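Open the model in your viewer and keep the selection tool at hand. We will go from the whole fold to single side chains.

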Amino acid sequence: MAFKKIVYILSFKGNGHRWMMFDGKTLSESEGPAEKNRHPVVALLPDPLFFFFKPRGAIKARHAKSATIMQMNYSFPAKGDKFKVLRPSGGAVLGYSEHDLLNRFLDLHRDVLAKATVLTSEFTVCWRAAVAEGLSVWNWKGQGMRLLACEDELTYFRGGEGEFASRLERLGLESDPEQMDLEKACAVLHKKKIRWSRLNLVSGVRSGTDKSIVIDYKPYAVAAILVSLIGVLFIAGQYHRWQQSSVQAKEWRGKLKEVYVSALGPNPGSDPYGKILYKLDQLKSGGESGGVDVLGLLAVLSESAPVGIEIEGFSLGADSGNIRGKVSSYEELDAMMEKLAADSRFNFVLEQANNIEGGISISLRAEYNR
């Protein structure tokens, strides 16, 4: 929405309402916008219908909204998931929650609110103006309440000047903070060309003719574009990953065929896996009938050997076998021998251990316990 000089402002007091108009310099009484109005219409909902929270710490961080929600949940755990965050632009971040009476108020004034393009509050307007002016200490008077903003603190209180002076003394402030009111805030927003549509506190509200009163669609358009872009990038990434997986699968199939050929010969047949299983059954049955349980021996070595062991060769006889390999240190060798000694199927004997470049060369004899 392009910046407009004239702004119609709708405010409420009790069950009544009044219209005002800001012409870029002054705020004056008005009869309200015409039927065919092209200027912004801002409805100032009563501030007691909201609770505002100013987050601590860096508010220009990438995750300022999430950080604000976390701080509010920590400070007010009983509120649950009712917290929202207003971040119009830059470092302006304000947390808030809605009062339970808000929906009742919107229903009561539905007809007049149908003319509004922005639903916000007077404090929100003043807060945005104070942020734009770079004020760290300022105060605002509302209907039955007063707010004192000091750095990262928002202090709510009721009472007169005595209470206000006491609050200033408690915060260690020697001079009176700047007073921010609606007319001054409107002038700041006009001078800084700040969009009123960025101050929406309530969205998704429908008028009596079921016409949306929320007009700032830019955030939704940006979100849609970002989601579409992320979707395209995700699909492109998945396609690239699929291509890599296809190439890798083809390579694995070639390696598997080489294994079948090395185990079964140049003609492994139409069911090489079945032939491998058949040979495995033969090896297992051979171990049970008095032969060498090759798989059992390899399983024991695999479970007991340290990570990084190198098997250089092994030979198996009728009653025993010999394994030659290399480990990194004597500590790994001692740990491996301790694990091997716990196995009841084989009796392992360390025949030789020599220091060589890069580790320890070992020779083991495995005797079959039958």
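Start with everything selected and colour by secondary structure. The protein has 10 helices and 16 strands. Bear in mind that this is a predicted model.

Now switch to a surface view. Of the 370 residues in the protein, 34% are buried. Turn to contacts next. Among those between residues at least 6 apart in sequence, 59% join residues at least 24 apart.

**Stop 1: the cysteines**

How many disulfides does a search of the whole structure find? The count is zero.

**Stop 2: Lys82 and Asp100**

Move to charged side chains. The salt bridges number 11 in total. Select Lys82 and Asp100 for one of them, with an N to O distance of 3.6 Å. Both ends sit in loops. Lys82 is in the loop between helix H1 (64–75) and strand E6 (83–86). Asp100 is in the loop between strand E7 (94–98) and helix H2 (102–108). The two residues are 18 apart, and the pair links distant parts of the chain. Is Asp100 buried or exposed? Asp100 is exposed, with a relative accessible area of 62%. Lys82 is partly exposed, at 45%.

**Stop 3: Glu98 and Lys84**

Step onto the strands themselves. Glu98 pairs with Lys84 in a salt bridge, with 2.7 Å between the closest N and O atoms. Glu98 belongs to strand E7 and Lys84 to strand E6, 14 residues apart. Colour both by accessibility. Glu98 counts as partly exposed at 23%. Lys84 is partly exposed as well, at 32%.

**Stop 4: Asp107 and Arg110**

Select Asp107, then Arg110. Their salt bridge brings the closest N and O atoms to 2.4 Å. Asp107 is partly exposed, with a relative accessible area of 46%. Arg110 is partly exposed at 25%.

**Last stop: a network**

Which residues do salt bridges with shared partners join into one network? Select Glu133, Lys191 and Lys192 together to see it.

Notes:
Residues numbered from 1 in each chain as written. Predicted model: local features only at pLDDT ≥ 70, side-chain atom pairs only at ≥ 80, totals over all residues. Heavy atoms only, no water. Disulfide = S-S within 2.5 Å. Helix = DSSP H or I, 4+ residues; strand = E, 2+ residues; numbered from the N terminus. Buried < 20%, exposed > 50% of the residue type's maximum accessible area, 1.4 Å probe, protein only. Contact = heavy atoms within 4.5 Å. Salt bridge = Lys/Arg side-chain N within 4 Å of Asp/Glu carboxyl O.
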